[in-house]
Amino acid sequence: MLHKMKGGGTLPARPDTLQILTGLMGGISGIGLVAWLTRFTEVPLLMAPFGATCVLLFAAPGAPLAQPRNVIGGHLVSALVGLVAMQLLGTGPLAMAIGVGVAIAAMQGLRVVHPPAGANPLVVMMSGAVGYDFLLMPVLAGSVSLVLVALLINNLGEGRRWPNYWL
């Protein structure tokens, strides 16, 4: 089994300057918008997993994990699982572990895998989210905002096209 762990592949090539600038501007614009909306509306729309969502949206926009269906659907499914797990099991370590595991399985089953969303059950339980309105604010509003920014940033310039698919 240890021989499987030694690797053997090669390091991917460094992204070109345009892709690096896209990541920079996408991260600033995406989180900037959601943070500004949070301040302007006085409604908490920002969650830590959205930072990781920006990495996928702006550094790997062609990946299946970075498509709108996965971003929005993954965040919604995972947060819903977190809310249900918290209602049924509380907020202890076992509840957190089950919440994350079930969220992963649900995202896989629904074909909306988005790795940053795997943290949503932890966010739900650690923040003490009360009620299913958490699915609208911050989850839906924040993830849709990031997708809208990605639509603008990832389509700037010739030959660039995002998303690969919606549904």
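**Spans, helices and rings**

Tutor: Let's start with the record: UniProt, in an unreviewed entry, puts "transmembrane region" at residues 20-38, 45-66 and 134-153. Keep in mind that the model itself is predicted.

Student: How much helix is there in residues 134-153, and how far apart are the ends?

Tutor: That span is 90% helix and 0% strand, with its end C-alpha atoms 27 Å apart.

Student: At what angle do H1 and H2 pack?

Tutor: For a packed pair, look at the angle, the spacing and the handedness. Helix H1 (residues 17-41) and helix H2 (residues 49-59) pack at about 145°, and their axes are 8 Å apart. Their crossing is right-handed.

Student: Which residues in H1 and H2 meet?

Tutor: From H1 come Gln19, Thr22, Gly23, Gly26, Gly27 and Ile31, and they meet Phe50, Gly51, Cys54, Phe58 and Ala59 of H2. Sorted by type, the contact has five nonpolar residues, six polar and no charged.

Student: How many aromatic pairs are there?

Tutor: The count is one aromatic pair. Trp36 and Phe40 are stacked, at 4.9 Å centre to centre with 10° between the planes. Both sit in helix H1, four residues apart, which is about one turn of the helix.

Student: Why is Phe40 called exposed?

Tutor: Phe40 counts as exposed because its relative accessibility is 60%, and the cut-off is over 50%. Trp36, at a relative accessible area of 49%, is partly exposed.

Definitions and conventions
Residues numbered from 1 in each chain as written. Predicted model: local features only at pLDDT ≥ 70, side-chain atom pairs only at ≥ 80, totals over all residues. Heavy atoms only, no water. Axes fitted to C-alpha atoms, helices over the stretch in contact; angles between N-to-C directions. Helix = DSSP H or I, 4+ residues; strand = E, 2+ residues; numbered from the N terminus. Left-handed = near helix turned anticlockwise from the far one by under 90°. Contact = heavy atoms within 4.5 Å. Nonpolar A, V, L, I, M, F, W, Y, C, P; charged D, E, K, R; others polar. UniProt positions renumbered as here; feature names shortened; annotations may be inferred. Phe/Tyr/Trp six-rings, centres within 6.5 Å; stacked < 30°, edge-to-face > 60°. Buried < 20%, exposed > 50% of the residue type's maximum accessible area, 1.4 Å probe, protein only.
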